[in-house]
Each structure stands twice: as C-alpha cells, then as structure tokens.
Amino acid sequence: MSAQVIVFFILAAVAVLGAVSLIVQRHPIRSALSLIVVMVALAGLYLLQGSELVAAVQIIVYAGAIMVLFVFVIMLLNAGEEERTNVSRMARYVGLPLGFFLMLQLAWWVGRGTKGMATAASSSPAMTRNLSKLLFTDFLLPFELTSILILVAILGAVVLAKREN
Amino acid sequence: MFPPIQDMYRMAPELVACFFGMLIMVVDPFVPRERKDISANLGVLGSLAALASILLMVRHPGEGMYGLLVVDSFSVFLHLIIFAAAALVILASDEYLKREGILQGEFYALVLFATCGMGIMTSATELMTVFVGLEISSIASYILACYRRATPKSHESAMKYFLLGSFATAFFLYGVAMVYGATGSTSLLAIRTVVAHSAGNQVLLTLGFGMLFVGMAFKIATAPFQIWTPDVYEGAPTPVTALLASGPKAAAFAVLLRIVFTAFGDASSTWFWIVWASAALTMVVGNFAAVVQSNIKRMLAYSSIAHAGYLLVAVAAAGAAGENSDAGIAAVLFYLVAYALMKLGAFTIVSHLGGSGEQRLAIDDYAGLSTKQPLTALCLSLFLLSLLGLPLTAGFLGKLYIFQAALDARLIWLVVIMAVTTVVGAFYYLRVIWVMYFREAQQEWTPVPVTPGVASVMLITAVGILTLFFAPGPLLAFAVRSAAALR
C-alpha cells in the first residue's frame, strides 16, 4: 500500500466522520464547525489528485468565506439547540434506512463501473495555468455571464433590504 | 483573444436586455418619486429593443463564443417566445405596480436580467453556460417573487421557490458533473459523439441524465417536482406569476429538448421511460388537483402543471418516433407559443381584477363580470377555452398536434391519459366561465377601468390565439424548421 493510498483513506475517514458529526450534532454551531472539517478533508483529497487550485479554492471559499457566512447567520438568528419533533423522529426511522439504501446503491454502481472515469479525470485541466487559459478563451462566455449573475444578486440584496417608505 | 464582433450580434438580445437593465439601475435613483414613469418607459423600451434585436441575431446564424452557443432556428424561435413574453409582462405590470405602490425601477431591471438568463439557456450548447443562464434567471425570479414585501404570502412564495429552486439547480449541477465524468466534456455535441458510440460509463451517464432531468423538471413544474408551483404562483405578484408561467418554462423546455435530442439523441431508451412516467403523473396530478381549487391563481397554477404534462407527452412522442422526431418537437414548440399566450393573457386579467392587495382572487369573486366588463370577461373566456383546447383557439391546434405526434409514435396509453385528463380539465375551466356569465355578484363592486397597457396585452394575446387557429401554417413551418435544427 503506497503512502498516497494511506493518506487517501485517512482523509476520506476524516471527511466521512465530519459529515456524520455534522448531522448528529444538535447545536448549529457544532454542525458548522464539523462542516469545516469536511471541507478541509476534501481539500486534502483534491490536493492528492494533483489539483492545487481546486484545493486552494476549497479552503479559501468554502472553509473560509462560506463558513464565516454560516456562523454569522447562526449567531444573528441566535439559533439554539434544535428540538426533536414527531417529524424529526420519523425521519430517523424512515430516513436512516433510506439513506443507507442509497449509499449501498451508489457503492454498487461505483464499484461496478469505474471504466471511462479515469480517462476523464486525467484529461481534466487541473493545473492553474491551464484553467485560467480556459477561463479566458474557451469558457469566456460563462465567465463573463457570472458578472451579470453577481450583479443580479447585489440588486436583489438592495431590493430586499431597502426600507419601505 | 477578444471574440469576433459577430459573436456580439449572436447574443444581441441578451446584451440589449442587460444594457437596459443596467441603464434603469443607473437612472432610477435620480428619478423623483412622482416621475417613476420614466423607469417604466425605459423598461418597455428595453424589452421591445431586445425583441427587435433578435433580427440582428437572425442575420448571423452559426456557432459563437468558441462553440458555447449557437444561433439556429431553434434558438431564434425560443428567443421570440421569451422576449415577447417579457415585453408583454412589462407592458401589463405598470398598472399593478402603481396600484400596489411598489413602483420601482428595479422591477423592470430584474425582469430584463431574468430574460437575459433565459435567452442564454435557449442558445447555449454547453452545460456550464446553461447553468449560469439558469442561475441568472432563477435568482432574478426569486427576488421578483418576493416583490410584494408587505405581504407574508409573497415572502412564503419567494422562500419556497428559493429553497426548492436551489435544490433543483444543485441537482442539475451534479448531473453536469456526472455527465462530464462519463464523457469528458460538457459540450452537448461532444457528449453526443460519446453517447452515439456507447462509449463512456453508462451508469454515470444514466445517473447524470436523471439529475439533469430533475433540475429541468423543477423549472417546468412536472410531477413529482411540482409541489412548489401553487404556493409560489399564488404568493408572487401576479405579473411575476405571468412571467414565471411563460418564460422560464419555455427556456427550461428548450434546455430539455437540446439535452435530450442533441446530446442523448441516439440513446432513447435511457430517458424515454423517465419522460413517459413524468408526463403521465403530471397530467393526472395537475388536472385533478385543479378541480378542487377555489382561488383562481392556484387553479391556473395547477393548470400550468397539467400543461407541462401535455408538453412532456410531445417530448416522449418525439423520442419514441426515432428518426421522425421532428413532428413531436414541432408540437412542443407550437404548444409553447400557444401556452405562453394563454397564460400571459389569463394572468394579466387576474392581475387586473385582483384589486388592491390582491384581495379578489376567489373564483366566486368573478361573478357578474360579464355585465361589468364584458370585454374582459370575453377575453378571459377565450383564454380559458384555449387552455381547455376547444376549437377556434390556438390551444385546440396545439393539443391536436400533440395527439397526432403521440398517435404516430404509438403511445396509446399516454394519449388515453391525456384525453381523460383533458375532459377533467373542462370542469374547472368552464366553471369560471359559468360563474362570470350566469351568477350574480354577491356584493357590490366595481372593477378598476382597464388601462392601455393591460388592454394592449389582452388584445395582443387574444388576437394571437385566434390567429394561430386560423393561420397556423407559418408558425408550424417555423417550428418544424426549428425542430430539424436540433439534430
């Protein structure tokens, strides 16, 4: 077993444990902190695949910016421990088996057909240089359109936050 | 490096819409409160200019922006639907915004931006571009749904739309990732080549298509992804409901048709049964749920679910017909035009009659309308009869083409379900007409006089519906040409 595989399994285990903890925790802040663990572990997995940029973006955007947003919202709403209701208890008895079933299904599918995936992964423009080249040539259109998307989002924030008079 | 100028012409409608959207944002803060008509006029002007600039687009057919979008008859056809719908919505919304006291330039800017996003969706031939267009149109629609900020219902509508819509786009994105994993590309033409050679990971491809379908099925409101529709349509300001029922639906159908027939064209079995089941379920759910509604907006919302089912029947028929899919696709396109006209007209009248704060939305509130505003009652009857699919209206021919395509493809069961559910539909459409003509008003009320904007929208949609029945030839020929462009 090579070092890479060992590191993969460690990171994967951390990611899965973080995800489980995210759901099990009853206090929103603890859930948010568990999510950071998942994000960082995923960034490690990306790094292992040789995509430094995606790993860096994962840390900066998700573990950084998005998480700050999450924590802010949780604190603004002053959200406390969640309460168990009949519906959430039902979710445990129906949701857990269903989730387990879905996991088995996915595992079976992934295990059955890994052909054709390796080729796609190795041809991916992982390197930062290639990626930026693509962004400003072949994929210029979606890149530029994103600015309109952000403009719409800003406009929306203004509309929703504006004081009625 | 910079893309050639022809590419700018190829996306002229989007650029014009964005330009006017930004112009309104810049001008609006400087316009004094009592002169807000300036923003409204800019909105009307912008939507008409965008509609006119489709001419520029037509003169530069072919691929543009490094193969990410294409100008063919198909994208021109859908651009016409979407930009015309936006122009009609803007034209009719002036009265509503004034009455509700929410006359703000941002409304027009958001409608124009949303239209730009929908336009991108229809001409994009690459999934990431589709996704960005989808997000632009979705986020603008979420905000528009929340535009009656004083009303809790509007908040509920926006919140439900936002949460479920985000889920749907996440599914779409996951689907894009899976299809990329299976084929190594997000370009529809490249995916087509891989699919045609049965290369790539079949499991991933099927899963990916399923996810893409979920994303689009949410936008076109087909069962089992239609739960949000009645609440969102009811709570959103009625002009926005008119937009939601026409534009995004056409755009999402365009994406679905492109994905199905351009990318997965030769693998009909993988998607055919998904579409079949969804079509059958949607028709049943939409029509039966509409029967028990007493609020006209909710009734029209369920009716729009039912119509999404009819449209999916045509998609399934096109898929089952193999090489001769043009008839089915043309039926979808023709019906999309008829459907947009009927829904825009009907929702415009609902918005006009709603009264301040949208108080009068119960079907019983329409009692005695035939004596108070005979022309409005006549127009609404025409739209409802067209939704039902009676002769002399565009809805009749639209349904006829779908029936024909489905029979040619030997989809007997879908035809039977469609016929039965259409008969069920007769009940709730005719009930409104009966209330308008044969029941006395319970309490005294005088509907507000029809403004020029609302009147012109009513006129345009009514004339359109009649014209499509008496002279469907040109549009149908255009639809067939557009269908051929997909393969």
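# Chat about a two-chain predicted model

Author: From the N terminus on, chain A reads α-α-α-α-α-α-α. Keep in mind that this is a predicted model.

Reader: What about contacts in chain A, what fraction joins residues at least 24 apart?

Author: 55%, taken among contacts between residues at least 6 apart in sequence.

Reader: Got it. Which domains is chain A divided into?

Author: Domain 1 covers 1–83 and domain 2 covers 124–165. Their contact takes four residues from domain 1 of chain A and four residues from domain 2 of chain A. The centres of the two domains, taken over C-alpha atoms, are 24 Å apart.

Reader: How much area do those two domains bury between them?

Author: About 320 Å², with 66% of it on carbon and sulfur atoms. On the domain 1 side, Ser51(A), Glu52(A) and Leu53(A) supply 85% of the area buried against domain 2, more than any other three residues.

Reader: How many salt bridges across that domain interface?

Author: The rule finds zero there.

Reader: Switching to the chains. How much do chain A and chain B bury between them?

Author: About 3,100 Å², 75% of it on carbon and sulfur atoms. In chain A, Leu141(A), Val152(A) and Leu155(A) lose the most area to chain B, and together they make up 19% of what that side buries. The contact takes 34 residues from chain A and 40 residues from chain B.

Reader: And how many salt bridges between chain A and chain B?

Author: The count is one. Lys162(A) pairs with Glu106(B), and their closest N and O atoms are 3.4 Å apart.

Reader: Where's the nonpolar surface patch, and which residues form it?

Author: Val40(A), Val57(A), Ile59(A), Ile60(A), Val61(A), Tyr62(A), Ile66(A) and Phe70(A) form a nonpolar patch on the surface, with about 630 Å² of accessible area together. Helix 3 of chain A, residues 52–77, gives the largest share with seven residues.

Reader: Take Ile66(A): buried, partly exposed or exposed?

Author: Partly exposed, because its relative accessible area is 30% and the partly exposed class runs between under 20% for buried and over 50% for exposed. Ile66(A) sits in helix 3 of chain A.

Reader: Now salt bridges overall. How many over all chains?

Author: A search of the whole structure finds 16.

Reader: Give me one in chain B. What does Glu156(B) form a salt bridge with?

Author: Lys160(B), with the closest N and O atoms 2.8 Å apart.

Reader: How accessible is Glu156(B), and what about Lys160(B)?

Author: Glu156(B) is partly exposed at 32% relative accessible area, and Lys160(B) is partly exposed at 31%.

Reader: Are Lys297(B) and Glu358(B) buried or exposed?

Author: Both are buried. There is also a network in which salt bridges that share partners join Lys153(B), Glu156(B), Lys160(B), Asp231(B), Glu234(B) and Arg298(B).

Reader: Last one, Ser154(B). Buried or exposed?

Author: Ser154(B) counts as buried because its relative accessibility is 0%. It lies in helix 8 of chain B, residues 152–183. Leaving aside neighbours within four places in sequence, Ser154(B) is in contact with Ala145(B), Cys146(B), Tyr147(B), Arg148(B), Gly235(B) and Pro237(B).

Key. Residues numbered from 1 in each chain as written. Chains lettered and ligands numbered in written order. Predicted model: local features only at pLDDT ≥ 70, side-chain atom pairs only at ≥ 80, totals over all residues. Heavy atoms only, no water. Patch = residues over 30% accessible without salt bridge, like charges linked within 9 Å, V, L, I, M, F, W, Y side chains within 5 Å. Areas by Shrake-Rupley, 256 points an atom, 1.4 Å probe, with all protein chains shown as cover. Salt bridge = Lys/Arg side-chain N within 4 Å of Asp/Glu carboxyl O. Helix = DSSP H or I, 4+ residues; strand = E, 2+ residues; numbered from the N terminus. Buried < 20%, exposed > 50% of the residue type's maximum accessible area, 1.4 Å probe, protein only. Domains from an automatic or database assignment. Contact = heavy atoms within 4.5 Å. Buried area = accessible area lost by both parts, 1.4 Å probe.
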